[in-house]
Amino acid sequence: MFKAEDFVQSKTGGPKMQVLRVEGDTLWCARIDDAEKKEIEVKAESVNLYHEEGDFGVC
C-alpha cells in the first residue's frame, strides 16, 4: 500500500512524514522538518497518505 517517498501522517494527527523504506507492515519514516532524517518506526495501519486540508491555490 505504501512505498518509499510517500508522504504520510498519523491517523490521530501529527507531523507530515516521508516514508524512507517499507518492511512488511512496518514503515520507516522521517519527519519532513527533521534535517537529520532520523528514522521513526510506524505501523502501516496507523497512518494515512498525507493530504493538505482546504482549497490551496484557489483565488
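Predicted model: local features only at pLDDT ≥ 70, side-chain atom pairs only at ≥ 80, totals over all residues.

Student: How many salt bridges does the structure hold?

Tutor: The structure holds 5 salt bridges. One of them joins Arg-21 and Glu-39, whose closest N and O atoms are 2.9 Å apart. This pair also links distant parts of the chain: Arg-21 is in strand E2, while Glu-39 is in the loop between E3 and strand E4 (40-43), 18 residues apart. Arg-21, Glu-23 and Glu-39 are linked in a network of salt bridges.

Student: Is Arg-21 buried, exposed or partly exposed?

Tutor: Arg-21 has a relative accessible area of 30%, so it counts as partly exposed. Glu-39, at 35%, is partly exposed as well.

Student: Which residue forms a salt bridge with Lys-3?

Tutor: Asp-6 does, with the closest N and O atoms 3.0 Å apart. Lys-3 is exposed, with a relative accessible area of 53%. Asp-6 is buried, because its relative accessible area of 12% is under the 20% cut-off.

Student: What else surrounds Asp-6?

Tutor: Asp-6 lies in the segment before strand E1 (7-10). Its side chain reaches the backbone nitrogen of Lys-3 at 2.9 Å. Not counting residues up to four places away in sequence, Asp-6 touches Met-1, Met-17, Gln-18, Val-19 and Leu-49.

Student: Which residues make up the largest nonpolar core?

Tutor: That core has 9 residues in all: Phe-2, Val-8, Met-17, Val-19, Leu-27, Cys-29, Val-42, Ala-44 and Val-47. Strand E2 (17-23) and strand E3 (26-31) each supply at least two residues of this core. Take Val-8 as a case: leaving aside neighbours within four places in sequence, its contacts include Phe-2, Met-17, Val-19, Cys-29 and Val-47.

Student: And what should I note about the aromatic rings?

Tutor: The structure holds 0 aromatic pairs. A ring can still be read against a charge: the charged end of Lys-16 sits over the ring of Phe-7, 4.6 Å from its centre.

Note on methods:
Residues numbered from 1 in each chain as written. Heavy atoms only, no water. Helix = DSSP H or I, 4+ residues; strand = E, 2+ residues; numbered from the N terminus. Buried < 20%, exposed > 50% of the residue type's maximum accessible area, 1.4 Å probe, protein only. Polar contact = N/O pair within 3.5 Å; in protein donor to acceptor, adjacent residues only side chain to side chain. Contact = heavy atoms within 4.5 Å. Phe/Tyr/Trp six-rings, centres within 6.5 Å; stacked < 30°, edge-to-face > 60°. Lys NZ or Arg CZ within 6 Å of the ring centre and 35° of its normal. Core = buried A, V, L, I, M, F, W, Y, C linked by side-chain atoms within 4.5 Å. Salt bridge = Lys/Arg side-chain N within 4 Å of Asp/Glu carboxyl O.
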